[in-house]
Amino acid sequence: MKKLILAAAFGSFAISSALAETSFQTVDADANGGVSYVEAVNAGMPWSEEQFNSADQNADGVLDETEFKAALL
Ligand SMILES: [Ca+2]
Ligand SMILES: [Ca+2]
């Protein structure tokens with residue numbers, strides 16, 4: 001039982017550190033200055049379309065660097 005809890009704790013730690021290392025430039029695959037939902041998903045971001053849309057504060061369909069970083073917090 002204890003092992004299971006440790007594994008779960010390690011798992012979530014690994015996910016959050018991977019996200020912290022995900023840079024905007026890496027996720028913006030076509031380097032057009034905005035991260036589309038498809039780019040985010042392809043980069044492994046664990047976002048639903050709903051989460052993406054709420055992160056897209058100016059509703060232009062992409063996350064600029066400011067929106068992207070805010071969404072990671
Ligand atoms: Ca892009
Ligand atoms: Ca936007």
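**Helical arrangement and core of the chain**

Of the 73 residues that form the chain, 11% count as buried. The model described here is a predicted one, and its secondary structure comes to 5 helices and 0 strands, so that the chain, read along the sequence, follows the pattern α-α-α-α-α. Among the contacts in the chain with a separation of 6 or more, 33% are accounted for by residues 24 or more positions apart.

The largest nonpolar core has 6 residues in all, namely Val 35, Ala 40, Met 45, Phe 52, Leu 63 and Phe 68. When neighbours within four places in sequence are left aside, Phe 68 is in contact with two other members of this core, Val 35 and Leu 63, and also with Phe 24.

Helix H5, which spans residues 65-72, contains Ala 71, and Glu 67 has its place in helix H5 as well. With residues up to four places away in sequence not counted, Ala 71 touches Ala 55 and Leu 63, of which Leu 63 belongs to the largest nonpolar core. Another residue of that core, Phe 52, is 19 residues apart from Ala 71 in sequence and 8.1 Å apart from Ala 71 in space, taken from C-alpha to C-alpha.

Glu 67 is likewise partly exposed, because 19 other C-beta atoms lie within 10 Å. Leaving aside neighbours within four places in sequence, the contacts of Glu 67 are with Ala 55, Asp 56 and Gln 57. Of these residues, Gln 57 is 10 residues apart from Glu 67 in sequence, and the two C-alpha atoms are 6.8 Å apart in space.

Most residues other than glycine have a negative phi. Ala 31, in contrast, has a phi near 50°, a positive value in a residue other than glycine, and is found in the loop between helix H2 (24-27) and helix H3 (37-42). With 7 other C-beta atoms within 10 Å, Ala 31 is exposed. Ala 59, although not a glycine, has a positive phi of about 55°, and lies in the loop between helix H4 (49-55) and H5. Ala 59 counts as exposed because 8 C-beta neighbours lie inside 10 Å.

Definitions and conventions: Residues numbered from 1 in each chain as written. Chains lettered and ligands numbered in written order. Predicted model: local features only at pLDDT ≥ 70, side-chain atom pairs only at ≥ 80, totals over all residues. Helix = DSSP H or I, 4+ residues; strand = E, 2+ residues; numbered from the N terminus. Buried ≥ 20, exposed ≤ 12 C-beta atoms within 10 Å, placed from the backbone. Contact = placed C-beta atoms within 7 Å. Core = buried A, V, L, I, M, F, W, Y, C linked by C-beta atoms within 7 Å.
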